[in-house]
Amino acid sequence: MLKENYEIVEKKIADACQKAGRQREEVTLIAVSKTKPVEMLQEIYDLGQREFGENKVQELTAKYEVLPQDIHWHMIGHLQTNKVKYIVDKACLIHSVDSLKLAQTISKEAVKKNVTVPILIEVNVAEEESKFGITTEETIALAEQIAALPNLTIKGLMTIAPFVEDPEENRPVFRKLRQLSVDIDNKRIDNITMGVLSMGMTNDYEVAIEEGATLVRVGTGIFGERDYSKL
Ligand SMILES: *Cc1c(COP(=O)(O)O)cnc(C)c1O
């Protein structure tokens, strides 16, 4: 079943790229494996998948220990400052930076471990109260402050779009994030590049690809529904 799901997602990504006139290589699929057992991750790994996304520090580090070393782990969930030290040298990209305080902690831990940490700024484009992330208006000022910190580098933006029935409803959200990344790029700020746009989940990744996503985060579409009752 996993293989079938994976192939369907891969096909839909390829089709969306073609529809948008983009190369398939411009879009990277992140398999969001939160709550799923390592056996399922291994199965997807064996099909060639190397990018995995987790939203909890403890789960990411536990899976990191037991799964193959060539996996790239993406931290996509809200990050508490006291947990930064556990993942700063394990995550290939932290998608969820939404405050100067968090960025300062990442920078400090990165200096200690002598690594440079790639990050994305999480923008709450739709301004949903339930979501983390900063507003579109706040983003440029925060990015400038963060870019001045050592051992950290801003690679782009991330957003979690609202849950909607019709993915078309999220098109303006994706378009807004893309425009914001263009605006920031045009400012040519030191230590900021805007090559990465992390947007699109199971429900809406095809629309996100049409609007310029370079990373799509797909969980349910690959692994099936999550069962939180067993955790
Ligand atoms: C869980 C999660 C996803 C994947 O969601 P699906 O709808 O299962 O594809 C993507 N991004 C973030 C930040 C998540 O927490």
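Mentor: Start with a sorting rule: Ala, Val, Leu, Ile, Met, Phe, Trp, Tyr, Cys and Pro count as nonpolar, Asp, Glu, Lys and Arg as charged, and the others, Gly among them, as polar. By that rule, the shell around the ligand holds five nonpolar, three polar and three charged residues. This is a predicted model, where local features need pLDDT of at least 70, side-chain atom pairs count only at pLDDT 80 or more, and totals for chains, interfaces and linings use all residues. Residues are numbered from 1 along each chain as its sequence is written, and side-chain values use heavy atoms, with hydrogens and water left out.

Now the shell itself. Around the ligand stand Val32, Lys34, Ile76, Ile160, Met201, Thr202, Arg217, Val218, Gly219, Thr220 and Arg226.

Next, the polar contacts (pairs of N or O atoms within 3.5 Å). Thr202 places a polar side-chain atom 2.4 Å from an oxygen atom of the ligand. The side chain of Arg217 has an N or O atom 2.8 Å from a ligand nitrogen atom. For Arg226, a side-chain N or O atom lies 2.8 Å from an oxygen atom of the ligand. Taken alone, the ligand exposes 390 Å², and the protein buries 90% of that. These areas come from the Shrake-Rupley method with a 1.4 Å probe.

Notes
A residue is near a molecule or strand if one of its heavy atoms lies within 4 Å of it. A polar contact is a pair of N or O atoms within 3.5 Å; within protein, one must be able to donate a hydrogen and the other to accept it, and residues adjacent in sequence count only if both atoms are side-chain atoms.
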